[in-house]
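Me: I am new to this structure and would like to learn how to read its features one at a time. Could you take me through it slowly?

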Amino acid sequence: MRIIRHYEHGGPSVLRVEEAEKPQPGPGEVLIRTEAVGVTFAEVQRRQGIPIGGHANLPGAPGGDVAGTVEALGEGVTDLAVGQRVVVDVDHSAYADYVVADAAWAIRIPDSMDAAEATLLPSPAQTAYHALKESGQLQPGETVLIDAASGGVGHLAVQIAKAMGAGKVIATASTQAKLDFVRGLGADVTVNYTDEDWADQVMAATDGRGADVVLETVGGDILIKSVALTAQFGRLVFYGSASGDIQSVNPLMLSRMKTIAGFALYAMLYNRPEAIAAGQRDLLDMIGTGKVRPVVHERLPLVDAVKAHELMEARAQLGKVVLVP
């Protein structure tokens, strides 16, 4: 079978297509014939040598959200059957024709959803959902600020926040095309965060009080300004740093009863399986009723992993970039 690996850190060109033996599922695992792989920005950073959200050890074999058909069951797996279509977050060796994955984390794909769209169900949708619900403690009527709102997680967060009853959703992005995109998904206010006065625009949109819940995944100066844009008693949820620049936050910035909450999906998967199961049901209902629409920006052949990473690095995508074997 084919698999994508890299043996050095650097640009997208370090990714190589190789031949490997088909893996076999161990206890509690399933073997999946891959139909689509969702590319995550965290794997772009690890390929660069930046250990955001995990290690960046060599040799590397990127992880991702894999949708496909169950080919074989490992010992002890009773909740799934050969031939079922599932999608699951795979932490390594995901860019491949076949993958093994933890059966407990597999989500059955609805008949109405194709494989590429389904890749948004594990890490992107669940990150957006639980960052808002668990870490952000979003309440109906509250104002939400979503940084980098046009990406794989952000575009879902805009829609999920509205589905959860947010009073106003403010979305930031870096180009007019991205702003138009998120406005079409339901954002009430859009702001270009490359504008010098972007923070002033956000504050004006909140009548000077700031946002009750802020989802921040850019880092750097955007993180510091987002703390200032968090309302009194508000919650900023930090779930990544696309810039790779982690700034220190002065505790005095939190003195107006502000909270910074971290979010990591794996912490939820390992420690809150009941919340994960409830979130899956809620998300499938949101998608089934049309409240949330996963968007696939581009579907590329597996062998075009380099191009997929180039798209991600250029911040050119609207929604999700997907590899298709």
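This is a predicted model: local features need pLDDT of at least 70, side-chain atom pairs count only at pLDDT 80 or more; totals for chains, interfaces and linings use all residues.

Me: Which residues of helix α5 are buried, and why do they lie on the same side of α5?

Reply: The general idea is that an α-helix has 3.6 residues a turn, so residues three or four places apart point the same way. In helix α5, which spans residues 176–184, the buried residues are Lys 178, Leu 179, Phe 181 and Val 182. They cover an arc of only 160 degrees around the axis, and therefore they sit on the same side of α5. Among the elements that cover these buried residues are α4 (154–163), β9 (168–173) and β10 (189–192).

Me: In what order do the strands of the open sheet come, and which are the edge strands?

Reply: The open sheet is formed by 6 strands with parallel pairing, and their order is β10-β9-β8-β11-β12-β13. Its edge strands are β10 and β13 (259–262), each of which pairs on one side only. On average, and ignoring direction, neighbouring strands of this sheet are turned by 20 degrees against each other. Looking at one pairing in detail, strand β12 (residues 230–238) runs parallel to β13 and is joined to it by 4 bridges, and Phe 238 has Gly 262 in β13 as its bridge partner.

Me: Which strands does helix α7 lie across?

Reply: Helix α7, made of residues 220–228, lies across β11 (211–216), β12 and β13, and it runs at about 150 degrees to β12.

Me: How much space lies in the second largest pocket, and what lines it?

Reply: Rolling a probe the size of a water molecule over the atoms shows where empty space is left. Here the second largest pocket holds about 350 Å³ of space and has a lining of 21 residues, with Val 90, Asp 91, His 92, Val 100 and Ala 101 lying nearest its centre. At least two lining residues come from each of β1 (2–5), β5 (85–90), β6 (98–102) and α8 (265–271), and β6 gives the most, with 5 residues.

Me: Is Leu 132 buried or exposed?

Reply: Leu 132, which is found in helix α3 (residues 121–135), counts as buried because its relative accessibility is 0%. Beyond residues up to four places away in sequence, Leu 132 touches several others, including Val 144, Ile 160, Met 164, Val 213 and Leu 215.

How values were computed
Residues are numbered from 1 along each chain as its sequence is written. Side-chain values use heavy atoms; hydrogens and water are left out. Buried means under 20% relative accessible area, exposed over 50%, partly exposed in between (1.4 Å probe, protein chains only). The arc is that of the directions from the helix axis to the C-beta atoms. Contact means heavy atoms within 4.5 Å. Two strands pair if DSSP finds at least two bridges between them. Axes are lines fitted to C-alpha atoms, for helices over the stretch in contact, and angles run from 0 to 180 degrees between N-to-C directions. On a 1 Å grid over the protein atoms alone, a cavity is a set of points where a 1.4 Å probe fits but cannot get out, and a pocket is an open set with protein on both sides within 12 Å along at least five of seven lines; lining residues have an atom within 4 Å of a point. Grid points are joined across faces, edges and corners, and a volume is the space filled by probe spheres set on the points.
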